[in-house]
Amino acid sequence: MSAKIKKNWLLFGFCSALAGLAIFWFLTIPKQVDASELPKYTVDVENGRYMFYAGGCASCHAKKGAVGKELLEMVGGKELKTPFGSFFVPNISPDVQHGIGGWSDADFVTAMVKGTSPDGKHYFPSFPYASYQNMKLTDILDLKAFMDTLPAISSEVKDHELPLIFSWRRGLGLWKLLFMKNSVAVYDNGMDDVTKRGAYLVQGPAHCSECHTSRNFLGGPDRSRFLAGGPAPEGKGFIPNLTPDKTGIGSWSQADIAYSLESGFTPDFDTFGSTMAEVQVNMAKLTKQDRQAIARYIKSLKAIKTVKVEKPKKPD
């Protein structure tokens with residue numbers, strides 16, 4: 001091969017790499033919501049309080065072991081261990097320095113539905129924006145109005161501890177292209193109004209899918225197994241199947257589901273454990289009608305069989 005041909009091939013390779021980088025950079029631009037896109041709306045703080053409990057915000061963002069008024073102190077700091085590394089839950093109190101006290105409405109909506117920070121960086125999907133994108137903007141604005149009333153706590157949270165390969169946030173734009181588009185909720189495919197309400201709560205604020213839908217090697221949800229359970233995100237244990245299959249909660253009636261969300265008791269007189277116990281405390285604060293709506297929607301799901309695979313035990 002002549003020197004001229006080699007030079008041409010090198011030039012072609014360089015230009016191709018440059019073009020590929022430009023395409024990648026364009027496709028992974030963090031998306032933001034402009035203030036002009038928000039509805040003209042008078043916020044409802046009480047509905048914001050309701051969304052706070054529907055979303056179980058305190059379960060992650062209050063300090064470990066919080067009780068009473070501490071459950072309204074969104075100091076963050078809890079560690080979420082995953083196969084990709086450890087994520088530390090942020091401070092989302094109204095503190096200006098360490099929390100979200102300086103955020104505008106557009107900043108808050110952008111974080112919730114686009115997974116983008118006020119400074120234009122991708123958030124890691126340990127923050128369940130793939131579910132929150134299904135929420136109504138008015139509910140999100142109400143939520144922010146309520147959170148603005150909470151105590152401002154000056155508490156700095158440590159940085160995530162991730163391998164270098166997973167710490168580059170720009171690449172999350174590709175994750176969003178792959179998985180955000182498949183997370184948009186469908187509420188009106190023949191559903192009655194009660195079932196639609198249940199679907200909205202499950203797929204949006206309550207973000208049930210974040211734990212109860214299994215994930216692939218990229219950490220993306222497997223929508224073909226929606227709410228069918230799988231290995232716990234933190235790597236230990238198994239998240240239950242919520243579909244009406246016999247390997248899930250197929251034997252539970254609609255009334256059983258609604259009552260368990262209210263009381264924490266299962267039909268066989270057991271109680272919820274692990275993180276579901278905290279979820280149930282929040283579900284108990286919803287109206288009876290909304291718990292019944294959630295139960296009705298759960299019973300309408302496609303039954304999916306789940307085979308629970310336990311990791312082999314270490315030899316003695």
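This is a predicted model: local features need pLDDT of at least 70, side-chain atom pairs count only at pLDDT 80 or more; totals for chains, interfaces and linings use all residues.

**Cavity.** I found one cavity of 30 Å³ or more. The largest cavity holds about 40 Å³ of space. I listed its lining as Ala-130, Trp-175, Ser-209, Glu-210, Arg-215, Pro-221 and Arg-223. I sorted that lining into three nonpolar, one polar and three charged residues.

**Annotation.** I then turned to the UniProt record. The unreviewed entry carries "domain: Cytochrome c" over residues 43-151 and 193-302. For residues 43-151, I read 37% helix and 7% strand. The end C-alpha atoms of that span lie 19 Å apart.

**H9 and H13.** How do the axes of H9 and H13 cross? I took H9 as residues 193-203 and H13 as residues 288-300; their axes come within 7 Å and cross at roughly 90°. I therefore logged H9 and H13 as roughly perpendicular to each other. From H9, the contact uses Val-194, Thr-195, Arg-197, Gly-198, Ala-199, Leu-201, Val-202 and Gln-203. From H13, I wrote down Asp-290, Ala-293, Ile-294, Arg-296, Tyr-297, Ile-298 and Ser-300. By class, I have eight nonpolar, four polar and three charged residues in this contact.

**H11 and H12.** Next I checked H11 (residues 254-263) against H12 (residues 274-283). Their axes are 6 Å apart, at an angle of about 95°. I logged H11 as roughly perpendicular to H12, because angles of 65 to 115 degrees count as such. Ser-260, Leu-261, Glu-262 and Ser-263 of H11 meet Met-276, Gln-280 and Met-283 of H12. I sorted the residues of this contact into three nonpolar, three polar and one charged.

Key. Residues are numbered from 1 along each chain as its sequence is written. Side-chain values use heavy atoms; hydrogens and water are left out. Axes are lines fitted to C-alpha atoms, for helices over the stretch in contact, and angles run from 0 to 180 degrees between N-to-C directions. Helices (H or I, at least four residues) and strands (E, at least two) are DSSP runs, numbered from the N terminus. Angles under 35 degrees count as roughly parallel, over 145 as roughly antiparallel, 65 to 115 as roughly perpendicular and the rest as oblique. Contact means heavy atoms within 4.5 Å. Ala, Val, Leu, Ile, Met, Phe, Trp, Tyr, Cys and Pro count as nonpolar, Asp, Glu, Lys and Arg as charged, and the others, Gly among them, as polar. UniProt positions are given in the numbering used here, feature names are shortened, and annotations may be inferred rather than shown by experiment. On a 1 Å grid over the protein atoms alone, a cavity is a set of points where a 1.4 Å probe fits but cannot get out, and a pocket is an open set with protein on both sides within 12 Å along at least five of seven lines; lining residues have an atom within 4 Å of a point. Grid points are joined across faces, edges and corners, and a volume is the space filled by probe spheres set on the points.
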